[in-house]
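Me: I would like to go through the labels attached to this structure and see what each one rests on. Please set each value against its cut-off.

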Amino acid sequence: MDKIAFHVGSWPIYWYGVLVASAFLIGLWTASRRAVRDGIAPEKIMDVGPWLILGAIIGARTLYVVSYWKEKFAGEPWTEIFMVHHGGLVFYGGMMGATLALLIYVRVRKLPLWKFGDALAPSAALGYVIGRFGCLMNGCCYGRPTDLPWAIHFPDHETKGVGVHPTQVYDSLLSLGLYLALAWLYRRKKFDGQVFAAYLMAYAILRSFVELFRGDYPVHYLGGWATPAHLVSMGTFAAGLILYGTLPRRRLATS
């Protein structure tokens with residue numbers, strides 16, 4: 001593990017930033033190709049890209065700062081809040097920020113919300129596959145100690161070299177499977193919003209599973225087993241379930 005990918009002069013370029021940026025670009029490109037099936041021009045997806053990126057970064061960083069204020073930011077210079085390249089983005093915060101940005105964009109441009117959501121959902125899962133390797137290189141989002149043969153050891157890290165679950169890799173592999181499943185569903189969807197709703201439910205389940213192996217949270221809930229992400233996953237799953245149940249009826253009511 002090495003946080004720095006390369007240098008531009010004396011300026012270090014971090015793997016975290018490189019991989020997260022790559023995740024956004026690949027996600028937008030695949031979504032633009034997919035959206036053609038729903039009659040959405042590829043440039044429309046690319047146009048929403050800056051909105052999604054800005055919303056995702058602001059949301060992800062805000063939730064991270066709020067969640068880890070005492071551990072990471074209290075007593076530090078206030079400018080540390082903006083040092084995203086050091087690591088520190090919470091995916092659920094990014095999801096909420098990107099969703100809000102998408103809602104604003106499609107409302108302003110008078111575009112079909114659920115068609116956009118369906119086109120973007122599989123690509124969000126694919127981007128997550130890549131972005132989690134940024135976490136691996138950065139040494140964040142690590143797992144609990146384990147003696148399993150595939151345990152990983154971080155040098156010069158708060159885990160002090162103890163073998164831990166490679167939770168970043170677990171997340172990436174599960175999200176790759178989710179991407180393939182959602183891409184398959186997109187070609188067979190029965191109503192607009194189905195893929196987006198399925199993504200919310202499936203991601204919440206997969207994330208909740210991986211959270212059982214996480215070892216980097218300072219606080220747990222519900223008797224000590226639940227992480228903050230478990231709590232958000234419950235709300236995310238409920239939102240997906242509600243959409244999955246109500247969107248087909250909404251389509252029938254307007255047809």
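Me: What makes the side chains of glutamate 211 and arginine 207 a salt bridge?

Reply: This is a predicted model, and the label is a matter of distance. The N to O separation between glutamate 211 and arginine 207 is 2.8 Å. The cut-off is 4 Å between a side-chain nitrogen of Lys or Arg and a carboxyl oxygen of Asp or Glu, so the pair of glutamate 211 and arginine 207 qualifies. Both residues sit in helix α7, and because they are 4 residues apart there, about one helical turn separates them.

Me: Which salt bridge does arginine 214 form?

Reply: Arginine 214 meets glutamate 211 at 3.0 Å, N to O, which is within the 4 Å limit.

Me: Why is glutamate 211 called buried?

Reply: Its relative accessible area is 2%. Buried means under 20%, so glutamate 211 is buried. Arginine 214, at 5%, is buried by that rule too, and arginine 207 is also buried.

Me: How many salt bridges does the structure hold?

Reply: There are 9. One of them pairs arginine 132 with aspartate 171, with the closest N and O atoms 3.0 Å apart. That pair links distant parts of the chain, since arginine 132 is in helix α5 and aspartate 171 in helix α6, 39 residues apart. Arginine 132 has 5% relative accessibility and counts as buried; aspartate 171, with 3%, is buried as well.

Me: What makes tryptophan 51 and tyrosine 105 an edge-to-face pair?

Reply: Two values decide it. The structure has 10 aromatic pairs. In the pair of tryptophan 51 and tyrosine 105, the ring centres are 5.2 Å apart and the planes stand at 70 degrees. Tryptophan 51 belongs to helix α2 and tyrosine 105 to helix α4, so the pair ties together parts that are 54 residues apart in sequence.

Me: How do you know what kind of pair tyrosine 128 and tyrosine 203 form?

Reply: The centres of the rings of tyrosine 128 and tyrosine 203 are 5.4 Å apart and their planes are at 90 degrees, so the pair is edge-to-face. The pair connects helix α5, which holds tyrosine 128, with helix α7, which holds tyrosine 203, across 75 residues. Tyrosine 128 and tyrosine 203 are buried. An aromatic cluster consists of Phe91, Tyr92, Tyr128, Tyr199 and Tyr203.

Me: What does threonine 146 touch, and what polar atom lies by its side chain?

Reply: Leaving out residues up to four places away in sequence, threonine 146 touches Ala151, Gly163, Val164 and His165. A polar atom of its side chain lies 3.1 Å from the backbone nitrogen of leucine 148; the limit for a polar contact is 3.5 Å. At 13% relative accessibility, threonine 146 counts as buried.

Methods. Residues are numbered from 1 along each chain as its sequence is written. This is a predicted model: local features need pLDDT of at least 70, side-chain atom pairs count only at pLDDT 80 or more; totals for chains, interfaces and linings use all residues. Side-chain values use heavy atoms; hydrogens and water are left out. Buried means under 20% relative accessible area, exposed over 50%, partly exposed in between (1.4 Å probe, protein chains only). A polar contact is a pair of N or O atoms within 3.5 Å; within protein, one must be able to donate a hydrogen and the other to accept it, and residues adjacent in sequence count only if both atoms are side-chain atoms. Contact means heavy atoms within 4.5 Å. Rings of Phe, Tyr and Trp (its six-membered ring) pair if their centres lie within 6.5 Å; planes under 30 degrees apart count as stacked, over 60 as edge-to-face and the rest as tilted. Helices (H or I, at least four residues) and strands (E, at least two) are DSSP runs, numbered from the N terminus.
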